[in-house]
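Hello,

Here is the structure I said I would pass on. My notes on two parts of it follow below.

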Amino acid sequence: MRILDDWIERYIEFAQNTEPPRQYHLWTGISAIAACLQRRCWLSWGHDTIYPNLYVVLVGPPGGRKGTSMKVAKPLLQELGIIMSADSIGSSQALYSEISDAKNTFINPLTGMSTEHRSLSTWSEEFQVFLGDNDPKLLMAVTDLFDSPTKWTYKSIKQGTVDLSNCWFNFLGAITPTLLQTRLSRDANGGGLISRIIFVVGYGKEKLVPLGFLSKEEQELKGQLIADLEQISQLSGIFTPTQQFINNYIDWYSNGCYKGTVDNVKFDGYNERRALHLRKICMIVSASQSNEMTLNTKHFHKALDILEYTEQFMADAFWGVGKGIHGEVMSSLITSLKAAGSIDWEVLIKMFQLEMLPGDIHACLSSLEQAGMVKCEKSATKTFYTYINEKEMPRKDLNKTLFKHYI
């Protein structure tokens with residue numbers, strides 16, 4: 001029997017006395033469950049077999065507490081001995097070696113037979129370090145591994161053809177918007193890696209916590225989280241959808257799958273894979289709540305709410321990523337305006353005078369105005385550009401997403 005009613009919700013409660021944005025804690029918790037399920041659990045979907053691995057990247061400014069959120073959950077996984085790679089891989093050969101070393105077995109409950117798998121999770125606080133600079137094949141390898149191929153081989157100079165069949169790769173990383181544009185190039189976008197990543201955007205510390213010591217209650221909750229996570233790590237077999245879940249999915253896929261998707265050309269591939277991401281999250285939400293390995297209507301709606309909440313901010317990760325010569329400055333403009341709230345036009349010229357001409361700065365600001373992110377306000381002597389705060393935008397609330405009616 002589980003101790004906790006919902007692992008993800010109680011994990012966010014455990015992490016509440018910290019500074020990272022709650023959406024970081026949400027997806028760190030989701031990634032932790034995925035790391036425990038590995039390739040031992042799956043969902044049969046027509047001709048496809050779907051595994052609960054995810055590629056999640058936390059995006060935010062320097063000092064935005066991306067790494068801090070990862071440090072809250074990682075010790076829980078390490079205490080259970082979950083197989084995790086080095087933080088920085090740097091090359092496809094290093095990744096293949098790590099996956100090869102992750103070989104393990106489990107008893108398949110459907111056949112009663114011992115089944116081999118290679119399940120590896122990577123948590124990298126510096127996504128750009130993980131990607132490295134010297135091996136362009138690494139992006140291709142990570143892209144191919146997303147579907148957890150049953151048959152997978154690679155050629156090594158020393159070992160010849162190496163068999164990595166039944167492999168599974170799960171990733172959680174962190175990066176700033178500026179570094180994101182330099183690491184995920186147009187080649188990465190065209191190659192499909194971006195379509196496989198869920199970008200979780202934060203805008204800096206959510207609050208200040210001078211003393212982050214755990215209370216007695218938090219220490220007790222930590223023990224309960226580890227105990228339930230251990231049960232999750234022992235699950236194996238197939239997730240079974242109820243008929244109501246299937247009905248919900250059919251209705252959504254037929255009428256709403258492509259409504260409210262991320263409105264940015266960089267996410268065209270992601271929007272096409274949106275249904276796949278949802279099915280993966282449904283498995284994780286189910287595992288968060290019980291050992292039954294069924295998918296019901298509550299799991300569907302909760303997973304969809306979490307995904308839709310995250311998608312509201314996802315395009316912000318890509319300001320600065322693209323063909324435009326002023327992409328990086330555009331990202332810096334947004335960051336500066338968010339931090340200050342409102343900046344005088346003359347001050348903006350001085351801030352970015354080494355980056356571009358005043359006419360180009362004005363063109364970038366006009367583009368942000370058209371996107372509804374910035375508004376221009378004029379007085380008798382001054383012109384100000386003001387960032388439109390998220391609170392002014394009609395967006396889903398994370399509290400309602402998690403706690404609306406699921407307990």
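Strand β5, residues 114-124, is mostly covered, with eight of its 11 residues buried. Please keep in mind that this is a predicted model.

Strand β4 (residues 103-107) runs antiparallel to β5, and five bridges join the two. They make up a hairpin with six residues between the strands. In that turn, Gly 112 has a positive phi of about 75 degrees. The pairing of β5 with strand β8 (residues 167-175) is parallel instead and covers seven bridges.

The axes of α1 (residues 7-14) and α2 (residues 22-37) come within 9 Å of each other and cross at roughly 130 degrees. The crossing is right-handed.

On the α1 side, the contact is made by Trp 7, Ile 8, Tyr 11 and Ile 12. Their counterparts in α2 are His 25, Leu 26, Thr 28, Gly 29, Ile 30, Ala 32 and Ile 33. By type, the residues of this contact are eight nonpolar and three polar, with no charged ones.

Regards

Note on methods: Residues are numbered from 1 along each chain as its sequence is written. This is a predicted model: local features need pLDDT of at least 70, side-chain atom pairs count only at pLDDT 80 or more; totals for chains, interfaces and linings use all residues. Side-chain values use heavy atoms; hydrogens and water are left out. Buried means under 20% relative accessible area, exposed over 50%, partly exposed in between (1.4 Å probe, protein chains only). Helices (H or I, at least four residues) and strands (E, at least two) are DSSP runs, numbered from the N terminus. Two strands pair if DSSP finds at least two bridges between them. Axes are lines fitted to C-alpha atoms, for helices over the stretch in contact, and angles run from 0 to 180 degrees between N-to-C directions. A crossing is left-handed if the near helix is turned anticlockwise from the far one by less than a right angle, and right-handed if clockwise. Contact means heavy atoms within 4.5 Å. Ala, Val, Leu, Ile, Met, Phe, Trp, Tyr, Cys and Pro count as nonpolar, Asp, Glu, Lys and Arg as charged, and the others, Gly among them, as polar.
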